[in-house]
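Please go through this model with me.

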Amino acid sequence: MKLLGIKIQGVHSSESRVFATLLKHRGPACDAAVIYQTTPGGDEGLAEFQRDACADVLPVNVGVGRGDGRQRLNKLKALARYRASFPGLARMAAEQRPDVIYSSQQLWDCAAATWVSQRLMRPHVIHLHYNIGPWLSTGFTKNARSLSFARKVLGLADPLQRLKRCAHVIAISDYIRADAIRNGTVPERVSTCRNSVEIPPLLPEAERCAVRAELGIPPGAPVIGIVGRFDLDKGHYDTLEAFARIAGKYPDVRLVVVGDGWLRGSFESLATERGVGERVVCTGWREDVPRLLGAMDIFSHPSRREPFGLAMAEASAASLPVIAYAEGGACEIVSDGETGLLAPAGDVLVLAECYSQLLSDLVMAKKFGRSGRARMAEDFRPEDSASAFVDILRSCI
(Lines give C-alpha, C1' and ligand atoms only; values in the text may rest on other atoms or scores of the structure.)
Protein backbone atom coordinates (compact mmCIF):
# COMPACT_ATOMS: atom_id res chain seq x y z
CA MET A 1 0.00 0.00 0.00
CA LYS A 2 1.26 3.48 -0.88
CA LEU A 3 0.16 6.47 1.18
CA LEU A 4 0.56 10.05 0.00
CA GLY A 5 0.23 12.72 2.67
CA ILE A 6 -0.26 16.42 1.95
CA LYS A 7 1.03 18.76 4.67
CA ILE A 8 0.83 22.47 3.85
CA GLN A 9 -0.67 24.35 6.79
CA GLY A 10 0.88 24.52 10.24
CA VAL A 11 4.04 22.60 9.42
CA HIS A 12 5.29 23.00 13.01
CA SER A 13 1.95 22.01 14.52
CA SER A 14 0.93 19.14 16.76
CA GLU A 15 -0.81 17.63 13.72
CA SER A 16 2.55 17.42 11.98
CA ARG A 17 4.13 15.74 15.00
CA VAL A 18 1.30 13.20 15.27
CA PHE A 19 1.54 12.38 11.55
CA ALA A 20 5.31 11.94 11.79
CA THR A 21 4.93 9.55 14.73
CA LEU A 22 2.37 7.45 12.85
CA LEU A 23 4.65 7.24 9.82
CA LYS A 24 7.66 6.36 11.95
CA HIS A 25 5.90 3.31 13.39
CA ARG A 26 3.79 2.31 10.37
CA GLY A 27 5.69 -0.89 9.54
CA PRO A 28 6.98 -2.24 6.20
CA ALA A 29 3.55 -2.98 4.71
CA CYS A 30 2.88 0.73 4.12
CA ASP A 31 5.08 2.83 1.84
CA ALA A 32 4.70 6.58 2.29
CA ALA A 33 5.53 9.92 0.70
CA VAL A 34 4.58 13.39 1.92
CA ILE A 35 4.15 16.62 -0.06
CA TYR A 36 5.38 19.13 2.50
CA GLN A 37 5.19 22.92 2.40
CA THR A 38 8.51 24.65 2.87
CA THR A 39 10.26 27.85 1.79
CA PRO A 40 13.28 28.61 -0.40
CA GLY A 41 16.55 28.35 1.51
CA GLY A 42 15.50 25.49 3.74
CA ASP A 43 13.31 24.92 6.74
CA GLU A 44 14.21 23.41 10.11
CA GLY A 45 10.74 21.90 10.29
CA LEU A 46 11.36 20.02 7.05
CA ALA A 47 14.52 18.38 8.37
CA GLU A 48 12.80 17.51 11.64
CA PHE A 49 9.81 15.96 9.85
CA GLN A 50 12.07 13.96 7.53
CA ARG A 51 13.99 12.62 10.50
CA ASP A 52 10.93 11.69 12.54
CA ALA A 53 8.63 10.41 9.79
CA CYS A 54 11.06 8.04 8.04
CA ALA A 55 9.28 8.71 4.74
CA ASP A 56 10.00 10.30 1.37
CA VAL A 57 9.35 14.02 1.78
CA LEU A 58 8.67 16.13 -1.33
CA PRO A 59 9.26 19.84 -0.58
CA VAL A 60 6.97 22.37 -2.28
CA ASN A 61 6.31 26.08 -1.91
CA VAL A 62 2.70 27.01 -2.64
CA GLY A 63 2.92 30.37 -0.86
CA VAL A 64 0.80 29.54 2.20
CA GLY A 65 1.06 27.52 5.33
CA ARG A 66 3.69 29.25 7.46
CA GLY A 67 2.55 30.72 10.74
CA ASP A 68 3.96 34.17 9.91
CA GLY A 69 1.95 34.43 6.69
CA ARG A 70 -1.63 34.47 7.91
CA GLN A 71 -2.23 38.07 6.90
CA ARG A 72 -1.25 37.20 3.33
CA LEU A 73 -3.98 34.57 3.27
CA ASN A 74 -6.55 37.36 3.19
CA LYS A 75 -5.24 38.54 -0.16
CA LEU A 76 -6.87 37.12 -3.24
CA LYS A 77 -3.53 37.00 -5.06
CA ALA A 78 -2.03 34.68 -2.46
CA LEU A 79 -5.08 32.44 -2.62
CA ALA A 80 -4.96 32.43 -6.41
CA ARG A 81 -1.29 31.37 -6.36
CA TYR A 82 -2.16 28.62 -3.96
CA ARG A 83 -5.03 27.45 -6.17
CA ALA A 84 -2.78 27.59 -9.25
CA SER A 85 -0.39 25.14 -7.58
CA PHE A 86 -2.96 22.32 -7.63
CA PRO A 87 -2.12 20.90 -11.10
CA GLY A 88 1.55 20.72 -10.11
CA LEU A 89 0.64 19.00 -6.84
CA ALA A 90 -1.45 16.50 -8.79
CA ARG A 91 1.47 15.74 -11.10
CA MET A 92 3.78 15.21 -8.13
CA ALA A 93 1.16 12.97 -6.56
CA ALA A 94 0.65 10.92 -9.72
CA GLU A 95 4.37 10.16 -9.88
CA GLN A 96 4.10 8.50 -6.47
CA ARG A 97 1.30 6.16 -7.65
CA PRO A 98 -0.54 6.36 -4.30
CA ASP A 99 -3.37 4.10 -3.20
CA VAL A 100 -4.77 6.60 -0.70
CA ILE A 101 -4.48 10.35 -0.07
CA TYR A 102 -4.14 11.66 3.50
CA SER A 103 -4.50 15.13 4.99
CA SER A 104 -5.50 16.86 8.19
CA GLN A 105 -8.74 18.84 8.44
CA GLN A 106 -6.87 22.13 8.04
CA LEU A 107 -8.20 24.19 5.14
CA TRP A 108 -5.03 24.37 3.03
CA ASP A 109 -4.25 20.68 3.48
CA CYS A 110 -7.82 19.54 2.93
CA ALA A 111 -8.51 21.66 -0.17
CA ALA A 112 -5.34 20.52 -1.96
CA ALA A 113 -5.80 16.87 -0.95
CA THR A 114 -9.40 16.90 -2.14
CA TRP A 115 -8.40 18.21 -5.56
CA VAL A 116 -5.56 15.67 -5.86
CA SER A 117 -7.70 12.73 -4.73
CA GLN A 118 -10.42 13.60 -7.24
CA ARG A 119 -7.97 13.96 -10.14
CA LEU A 120 -6.22 10.69 -9.28
CA MET A 121 -9.48 8.97 -8.31
CA ARG A 122 -8.03 7.83 -5.02
CA PRO A 123 -9.76 7.79 -1.61
CA HIS A 124 -9.16 10.77 0.65
CA VAL A 125 -8.75 10.16 4.40
CA ILE A 126 -9.01 13.18 6.72
CA HIS A 127 -7.37 13.23 10.15
CA LEU A 128 -9.62 15.29 12.44
CA HIS A 129 -7.76 16.99 15.30
CA TYR A 130 -10.22 19.80 16.14
CA ASN A 131 -13.72 20.32 17.39
CA ILE A 132 -16.07 20.84 14.46
CA GLY A 133 -17.17 24.40 13.78
CA PRO A 134 -17.08 27.22 11.20
CA TRP A 135 -13.39 27.83 11.94
CA LEU A 136 -12.53 24.72 9.90
CA SER A 137 -13.65 26.53 6.75
CA THR A 138 -11.68 29.71 7.34
CA GLY A 139 -8.15 28.60 8.15
CA PHE A 140 -8.40 30.54 11.45
CA THR A 141 -7.81 33.81 9.62
CA LYS A 142 -9.11 36.99 11.24
CA ASN A 143 -11.04 38.06 8.14
CA ALA A 144 -13.14 34.90 7.93
CA ARG A 145 -15.92 36.35 5.78
CA SER A 146 -13.67 37.57 2.96
CA LEU A 147 -11.68 34.34 2.98
CA SER A 148 -14.85 32.27 2.86
CA PHE A 149 -15.98 34.25 -0.19
CA ALA A 150 -12.59 33.90 -1.88
CA ARG A 151 -12.54 30.19 -1.11
CA LYS A 152 -15.86 29.71 -2.87
CA VAL A 153 -14.80 31.80 -5.88
CA LEU A 154 -11.62 29.74 -6.28
CA GLY A 155 -13.45 26.46 -5.80
CA LEU A 156 -11.54 25.35 -2.71
CA ALA A 157 -13.06 22.39 -0.89
CA ASP A 158 -14.83 23.13 2.38
CA PRO A 159 -13.46 20.86 5.16
CA LEU A 160 -16.84 20.90 6.90
CA GLN A 161 -18.42 19.29 3.85
CA ARG A 162 -15.46 17.05 3.08
CA LEU A 163 -15.77 15.42 6.51
CA LYS A 164 -19.16 14.11 5.36
CA ARG A 165 -18.04 13.02 1.89
CA CYS A 166 -14.46 11.77 2.15
CA ALA A 167 -13.61 8.08 2.24
CA HIS A 168 -12.93 8.06 6.00
CA VAL A 169 -12.38 10.36 8.97
CA ILE A 170 -9.77 9.51 11.61
CA ALA A 171 -10.67 11.11 14.96
CA ILE A 172 -7.99 11.62 17.62
CA SER A 173 -10.39 10.74 20.46
CA ASP A 174 -13.82 9.26 21.08
CA TYR A 175 -14.90 12.77 22.02
CA ILE A 176 -13.98 14.08 18.55
CA ARG A 177 -15.50 11.01 16.86
CA ALA A 178 -18.81 11.73 18.59
CA ASP A 179 -18.54 15.37 17.49
CA ALA A 180 -18.03 14.31 13.86
CA ILE A 181 -21.04 11.99 13.98
CA ARG A 182 -23.16 14.67 15.63
CA ASN A 183 -22.29 16.99 12.73
CA GLY A 184 -23.30 14.60 9.97
CA THR A 185 -20.46 12.14 9.39
CA VAL A 186 -21.74 8.59 8.95
CA PRO A 187 -20.64 6.54 12.00
CA GLU A 188 -19.24 3.75 9.81
CA ARG A 189 -16.88 6.23 8.16
CA VAL A 190 -15.25 7.69 11.25
CA SER A 191 -12.84 5.80 13.51
CA THR A 192 -10.93 6.74 16.64
CA CYS A 193 -7.15 6.52 16.48
CA ARG A 194 -5.85 8.18 19.63
CA ASN A 195 -2.64 10.15 19.61
CA SER A 196 0.26 8.30 21.13
CA VAL A 197 3.36 9.22 23.12
CA GLU A 198 6.92 8.04 23.34
CA ILE A 199 7.96 7.23 26.91
CA PRO A 200 10.96 9.47 27.70
CA PRO A 201 13.70 8.61 30.18
CA LEU A 202 13.14 10.17 33.58
CA LEU A 203 15.19 13.25 34.29
CA PRO A 204 18.13 12.55 36.65
CA GLU A 205 17.91 14.35 39.96
CA ALA A 206 21.01 16.44 39.22
CA GLU A 207 19.49 17.65 35.93
CA ARG A 208 16.17 18.34 37.64
CA CYS A 209 17.96 20.57 40.15
CA ALA A 210 19.84 22.30 37.33
CA VAL A 211 16.60 23.12 35.47
CA ARG A 212 15.06 24.53 38.64
CA ALA A 213 18.14 26.65 39.24
CA GLU A 214 17.87 28.02 35.69
CA LEU A 215 14.27 29.01 36.39
CA GLY A 216 15.09 30.54 39.77
CA ILE A 217 13.13 27.92 41.71
CA PRO A 218 14.36 26.79 45.15
CA PRO A 219 15.38 23.09 45.23
CA GLY A 220 12.61 21.96 47.59
CA ALA A 221 9.75 24.10 46.27
CA PRO A 222 6.80 22.18 44.78
CA VAL A 223 6.11 23.16 41.18
CA ILE A 224 2.81 23.21 39.28
CA GLY A 225 3.34 23.44 35.53
CA ILE A 226 1.28 24.10 32.43
CA VAL A 227 2.46 23.76 28.81
CA GLY A 228 0.78 25.23 25.73
CA ARG A 229 0.18 28.35 23.71
CA PHE A 230 -1.62 31.16 25.48
CA ASP A 231 -5.25 30.83 24.42
CA LEU A 232 -8.57 31.57 26.08
CA ASP A 233 -9.57 27.89 26.06
CA LYS A 234 -6.24 26.38 27.12
CA GLY A 235 -6.75 26.88 30.84
CA HIS A 236 -4.03 29.41 31.66
CA TYR A 237 -6.34 31.86 33.42
CA ASP A 238 -8.14 29.17 35.43
CA THR A 239 -4.76 27.72 36.39
CA LEU A 240 -3.59 31.14 37.58
CA GLU A 241 -6.82 31.80 39.51
CA ALA A 242 -6.67 28.41 41.23
CA PHE A 243 -2.97 28.91 41.97
CA ALA A 244 -3.64 32.32 43.54
CA ARG A 245 -6.29 30.75 45.78
CA ILE A 246 -3.88 28.20 47.28
CA ALA A 247 -0.70 30.31 47.20
CA GLY A 248 -1.18 31.61 50.74
CA LYS A 249 -1.51 28.11 52.16
CA TYR A 250 1.61 26.89 50.34
CA PRO A 251 4.12 29.77 50.40
CA ASP A 252 6.85 27.79 48.63
CA VAL A 253 4.82 26.58 45.64
CA ARG A 254 5.71 27.92 42.17
CA LEU A 255 3.82 28.01 38.87
CA VAL A 256 5.84 27.40 35.69
CA VAL A 257 4.13 28.36 32.42
CA VAL A 258 5.74 27.05 29.23
CA GLY A 259 4.55 28.60 25.97
CA ASP A 260 3.86 31.88 24.28
CA GLY A 261 1.09 33.79 22.55
CA TRP A 262 -0.72 37.07 22.29
CA LEU A 263 -2.30 36.71 25.77
CA ARG A 264 0.97 36.28 27.60
CA GLY A 265 1.30 39.96 28.54
CA SER A 266 -2.18 40.14 30.08
CA PHE A 267 -1.56 36.86 31.90
CA GLU A 268 1.63 38.17 33.49
CA SER A 269 -0.13 41.42 34.45
CA LEU A 270 -2.95 39.46 36.07
CA ALA A 271 -0.45 37.37 38.04
CA THR A 272 0.99 40.59 39.46
CA GLU A 273 -2.49 41.89 40.30
CA ARG A 274 -3.34 38.66 42.12
CA GLY A 275 -0.17 39.03 44.20
CA VAL A 276 1.64 35.96 42.85
CA GLY A 277 3.71 37.54 40.08
CA GLU A 278 7.03 36.72 41.77
CA ARG A 279 6.03 33.06 42.08
CA VAL A 280 4.97 32.62 38.45
CA VAL A 281 7.69 31.79 35.91
CA CYS A 282 6.78 32.28 32.22
CA THR A 283 9.46 30.62 30.10
CA GLY A 284 8.14 31.55 26.67
CA TRP A 285 8.43 29.13 23.76
CA ARG A 286 10.89 26.32 24.53
CA GLU A 287 12.35 23.44 22.54
CA ASP A 288 13.23 21.44 25.67
CA VAL A 289 9.76 20.74 27.06
CA PRO A 290 10.60 17.18 28.23
CA ARG A 291 13.43 18.63 30.30
CA LEU A 292 11.11 21.21 31.85
CA LEU A 293 8.48 18.57 32.62
CA GLY A 294 11.11 16.72 34.60
CA ALA A 295 11.46 19.71 36.92
CA MET A 296 7.73 19.83 37.75
CA ASP A 297 5.71 18.02 40.44
CA ILE A 298 2.13 18.54 39.22
CA PHE A 299 0.81 19.19 35.72
CA SER A 300 -2.19 21.47 35.18
CA HIS A 301 -4.26 21.41 32.00
CA PRO A 302 -7.78 22.74 32.66
CA SER A 303 -8.55 23.45 29.02
CA ARG A 304 -12.11 23.57 27.73
CA ARG A 305 -13.47 21.20 25.07
CA GLU A 306 -10.00 19.73 24.58
CA PRO A 307 -9.99 17.48 21.46
CA PHE A 308 -7.33 15.19 22.90
CA GLY A 309 -4.69 16.87 25.04
CA LEU A 310 -1.28 15.79 23.80
CA ALA A 311 0.33 17.92 26.52
CA MET A 312 -1.49 15.87 29.18
CA ALA A 313 -0.36 12.59 27.63
CA GLU A 314 3.24 13.79 27.46
CA ALA A 315 3.09 14.96 31.08
CA SER A 316 1.75 11.56 32.17
CA ALA A 317 4.51 9.86 30.19
CA ALA A 318 6.97 12.02 32.15
CA SER A 319 5.49 10.59 35.40
CA LEU A 320 3.54 13.69 36.41
CA PRO A 321 0.07 13.63 38.00
CA VAL A 322 -2.34 15.58 35.79
CA ILE A 323 -5.11 17.89 36.98
CA ALA A 324 -7.68 18.78 34.34
CA TYR A 325 -11.36 19.42 33.74
CA ALA A 326 -13.68 16.46 33.27
CA GLU A 327 -14.51 17.45 29.72
CA GLY A 328 -13.45 16.47 26.20
CA GLY A 329 -10.40 14.33 25.55
CA ALA A 330 -9.08 14.78 29.09
CA CYS A 331 -11.50 12.09 30.28
CA GLU A 332 -9.80 9.60 27.97
CA ILE A 333 -6.29 10.43 29.23
CA VAL A 334 -6.66 11.11 32.95
CA SER A 335 -8.01 8.36 35.21
CA ASP A 336 -9.54 10.32 38.09
CA GLY A 337 -8.03 9.26 41.38
CA GLU A 338 -5.46 7.00 39.69
CA THR A 339 -3.28 9.08 37.35
CA GLY A 340 -4.53 12.51 38.35
CA LEU A 341 -7.62 14.46 39.35
CA LEU A 342 -10.54 15.77 37.29
CA ALA A 343 -12.53 18.82 38.34
CA PRO A 344 -15.97 19.80 36.99
CA ALA A 345 -15.52 21.85 33.83
CA GLY A 346 -15.04 25.53 34.63
CA ASP A 347 -15.09 25.07 38.43
CA VAL A 348 -12.00 26.98 39.59
CA LEU A 349 -12.80 26.37 43.27
CA VAL A 350 -12.63 22.59 42.83
CA LEU A 351 -9.56 23.02 40.62
CA ALA A 352 -7.83 24.80 43.51
CA GLU A 353 -8.90 22.02 45.86
CA CYS A 354 -7.27 19.50 43.50
CA TYR A 355 -4.01 21.44 43.66
CA SER A 356 -4.24 21.55 47.44
CA GLN A 357 -4.98 17.82 47.66
CA LEU A 358 -1.81 16.88 45.80
CA LEU A 359 0.38 19.55 47.40
CA SER A 360 -0.68 18.24 50.81
CA ASP A 361 0.28 14.69 49.85
CA LEU A 362 3.22 14.68 47.43
CA VAL A 363 3.65 10.93 48.02
CA MET A 364 0.20 10.37 46.51
CA ALA A 365 1.06 12.81 43.71
CA LYS A 366 4.13 10.74 42.82
CA LYS A 367 2.04 7.56 42.92
CA PHE A 368 -0.42 9.11 40.46
CA GLY A 369 2.49 10.10 38.26
CA ARG A 370 3.92 6.58 38.18
CA SER A 371 0.50 5.15 37.37
CA GLY A 372 0.08 7.66 34.55
CA ARG A 373 3.44 6.76 33.05
CA ALA A 374 2.57 3.06 33.18
CA ARG A 375 -0.78 3.70 31.51
CA MET A 376 0.79 5.72 28.72
CA ALA A 377 3.31 2.92 28.13
CA GLU A 378 0.54 0.32 27.89
CA ASP A 379 -2.47 2.08 26.31
CA PHE A 380 -0.94 4.86 24.20
CA ARG A 381 1.87 3.02 22.40
CA PRO A 382 2.91 4.56 19.04
CA GLU A 383 3.09 1.08 17.50
CA ASP A 384 -0.56 0.40 18.36
CA SER A 385 -1.77 3.74 17.01
CA ALA A 386 0.24 3.29 13.81
CA SER A 387 -1.15 -0.22 13.32
CA ALA A 388 -4.72 1.06 13.69
CA PHE A 389 -3.90 3.95 11.34
CA VAL A 390 -2.62 1.60 8.61
CA ASP A 391 -5.65 -0.68 9.01
CA ILE A 392 -7.97 2.28 8.45
CA LEU A 393 -6.10 3.36 5.35
CA ARG A 394 -6.13 -0.16 3.94
CA SER A 395 -9.90 -0.48 4.50
CA CYS A 396 -10.47 2.58 2.28
CA ILE A 397 -8.68 1.27 -0.80
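This is a predicted model: local features need pLDDT of at least 70, side-chain atom pairs count only at pLDDT 80 or more; totals for chains, interfaces and linings use all residues.

Residues are numbered from 1 along each chain as its sequence is written, and side-chain values use heavy atoms, with hydrogens and water left out.

Q: How many disulfides does the model have?
A: A disulfide is taken as a pair of cysteine sulfur atoms within 2.5 Å. The sulfur of C30 has its closest cysteine sulfur in C396, at 12 Å, which is too far for a bond. For C54 the closest cysteine sulfur is that of C30, at 13 Å, again too far. Under this rule the number of disulfides is zero.

Q: Is C30 buried or exposed?
A: Relative accessible area decides this: under 20% is buried, over 50% is exposed, and in between is partly exposed (1.4 Å probe, protein chains only). C54, at 45%, is partly exposed. C30 has a relative accessibility of 3%, so its class is buried.

Q: Which strands stand at the edges of the seven-stranded sheet?
A: Helices (H or I, at least four residues) and strands (E, at least two) are DSSP runs numbered from the N terminus, and two strands pair if DSSP finds at least two bridges between them. The open sheet has parallel pairing and the order β3-β2-β1-β4-β5-β6-β7. Each edge strand has a single partner, so one of its sides is left without a neighbour in the sheet; these strands are β3 (56-60) and β7 (190-192).

Q: What is the bridge partner of G225 in β11?
A: Strands β8 (residues 223-227) and β11 (residues 298-301) run parallel and are joined by two bridges. The partner of G225 in β11 is F299.

Q: At what angle do α1 and α17 pack?
A: Axes are lines fitted to C-alpha atoms, for helices over the stretch in contact, and angles run from 0 to 180 degrees between N-to-C directions. Helix α17 spans residues 382-396, and its axis is 8 Å from that of α1. The two helices count as roughly perpendicular, a class that covers 65 to 115 degrees. The angle is about 85°.

Q: Which residues of α17 make the contact with α1?
A: Contact means heavy atoms within 4.5 Å. From α1 the contact uses F19, T21 and L22. From α17 it uses P382, S385, A386 and F389.

Q: Which residues is A167 in contact with, leaving aside neighbours within four places in sequence?
A: A167 is in the loop between α7 (159-165) and β6. With a relative accessibility of 27%, A167 is partly exposed. Beyond those neighbours, A167 is in contact with P123, H124, R189 and C396.

Note on methods: Angles under 35 degrees count as roughly parallel, over 145 as roughly antiparallel, 65 to 115 as roughly perpendicular and the rest as oblique.
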